[in-house]
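Open the model in your viewer and keep the sequence panel beside it. The stops below are given as selections, in order.

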Amino acid sequence: MNLNGLRRSARSIAVCVLVMAAPVSASAASLQDALVAAYLNSNLLEQNRALLRATDEDVAVAYSALRPQISASSSITHSDQASSFAGGDLSSSISLGLDLLLYDAGATRLSVEAAKETVLASRAQLVSLEQQVLLNAINAYLSVQRDTRTVSLREGNLRLITQELRAARDRFDVGEVTRTDVAQAEARLAEARGALAQAQGNLAISRELYVAAVGRKPGNLAAIRSLPALPKSVEQARKIAEQNQPRIDQAQHQISANELNAARAQAAMRPNIRLNATAGHNSRVDNNSSIGLQMNVPLYQGGQLKALERRAFAQVHASRANLNQVVLEVRQSVSDSWSQLAVANAQLQASERQIRAAEVAFEGVREEAKLGARTTLDVLDAEQSLFDARTNRVVFETQVFAAAYQLISSMGLLTVSELRLPLKQYDPNEYFDAVKQAPVPLSKQGQKLDRILGRYQK
């Protein structure tokens with residue numbers, strides 16, 4: 001499959017992710033609702049957006065070195081030394097200076113480009129965090145649903161055991177069973193009550209985790225009806241991941257930034273030429289001005305420049321090795337998620353067969369107990385086997401959905417844009433475009449930047 005085909009496949013997979021999020025009732029919150037809330041309420045994303053804006057400013061700082069540097073100074077001095085003026089000598093001066101870089105072998109331009117690559121790497125890191133925020137919300141959603149169903153099963157199990165206890169007491173009253181049968185039912189009922197309390201505690205914990213992940217209480221959550229569309233093979237999933245995984249994108253931009261910094265370290269060993277100009281007024285000598293060119297040639301810096309160059313090339317080598325490692329980790333993550341999904345699917349199918357067999361066994365044992373061929377303990381054991389099978393199905397269903405979404409995340413498709421969530425996505429270009437050329441406050445671009453900053457600081 002070619003690159004365009006892979007990208008179309010990736011988009012189709014991501015669009016299908018939200019199909020299963022349709023609510024079962026008007027009052028039930030869907031998975032899509034949870035993802036929107038998690039994105040809008042995430043403090044982690046808000047923090048890293050601000051850090052990205054701080055990284056954007058590094059481009060402006062680097063770019064400002066290409067512009068004239070203008071400064072003004074003034075002084076006033078009173079001297080008590082002997083002079084022809086009664087009360088001492090008072091002098092004043094004011095000056096205006098200009099410094100402009102004319103040539104530095106491209107070092108400053110390379111610094112600007114390196115800063116831009118760092119910005120792109122930070123954007124990719126923000127996308128990775130976005131995926132993690134959405135995945136945490138999905139896992140929290142699934143956990144609440146799992147624990148809610150488990151509590152429901154526990155309550156049903158408690159009611160059933162209560163019925164069995166009543167039946168055992170009735171049979172004991174007519175002499176069909178012994179006191180031991182009644183005690184066994186009572187013990188099982190006490191165990192069921194304890195298990196229900198634990199399940200309710202687990203549900204309370206899951207609800208709090210949901211609040212932390214989504215930013216609001218879960219309420220009534222709609223059931224997820226179907227799995228998202230997934231690649232046909234693990235190899236296809238790996239190829240999609242290599243094209244879309246933001247971790248790989250981040251590592252590639254880090255290489256580019258380090259290569260530019262290495263070239264800048266080499267340029268720092270070449271001459272640089274600057275234009276200097278000053279104009280001023282002194283109370284004694286009136287007006288004065290000067291203009292000139294200044295060339296600096298580094299001849300010997302104690303080995304510092306070569307050390308900086310070697311360090312820069314070492315960082316290039318390290319970032320290339322990091323890219324290779326990240327690719328391996330991404331491929332492994334895809335393979336692990338694929339395997340986990342296969343295992344969870346197999347366990348889910350096995351639990352379905354186990355439930356069907358346990359239902360037949362339970363009904364048979366209960367009928368045999370009515371005829372005296374089975375004891376109360378046999379009925380309770382059969383009921384426990386059926387309950388365990390149903391609980392396993394809930395757990396394995398959750399694991400199937402969790403593994404499917406983990407696979408989508410490992411492919412780099414669990415993002416707001418790929419999922420087409422109905423919200424206004426944060427646009428990193430808006431702030432970057434406003435600051436990339438270091439606008440001054442009074443300019444039109446500077447006023448636009450003030451409006452953007454005002455919105456962020458609310």
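Select residues 246–267. This is helix α7, with 22 residues; helices are DSSP runs of H or I of at least four residues, numbered from the N terminus. From first C-alpha to last, α7 reaches 32 Å, close to the 32 Å expected at 1.5 Å a residue, where the expected span is 1.5 Å times one less than the number of residues.

This is a predicted model, in which local features need pLDDT of at least 70 and side-chain atom pairs count only at pLDDT 80 or more, while totals for chains, interfaces and linings use all residues. Residues are numbered from 1 along each chain as its sequence is written, and side-chain values use heavy atoms, with hydrogens and water left out.

Stay on α7 and show side chains. Its buried residues include P246, I248, H253, I255, N258 and A267; buried means under 20% relative accessible area, with a 1.4 Å probe and protein chains only.

Next, select A124, V127, N244, P246 and D249. Which feature do they surround? Of the 27 residues lining the largest pocket, these are the closest to its centre. (On a 1 Å grid over the protein atoms alone, a pocket is an open set of points where a 1.4 Å probe fits, with protein on both sides within 12 Å along at least five of seven lines; lining residues have an atom within 4 Å of a point.) The pocket holds about 550 Å³ of space, a volume being the space filled by probe spheres set on the points, which are joined across faces, edges and corners. Helix α4 supplies the largest share of the lining, 6 residues, and α3 (43–64), α6, α7 and α10 (416–419) each give at least two.

Move to Y39, R49, R53, K424, D427 and R455, which are among the residues lining the second largest pocket. About 360 Å³ of space lies there. Helix α3 gives the most to this lining, with 3 residues. By class the lining has 4 nonpolar, 1 polar and 7 charged residues (Ala, Val, Leu, Ile, Met, Phe, Trp, Tyr, Cys and Pro count as nonpolar, Asp, Glu, Lys and Arg as charged, the others, Gly among them, as polar).

Finally, colour by pLDDT, the predictor's confidence in each residue from 0 to 100. The chain averages 87. Confidence is highest in α7, at a mean of 96, and lowest in α1 (3–16), at 45. Over residues 1–26 the pLDDT is below 50.

Methods:
Buried means under 20% relative accessible area, exposed over 50%, partly exposed in between (1.4 Å probe, protein chains only). Contact means heavy atoms within 4.5 Å.
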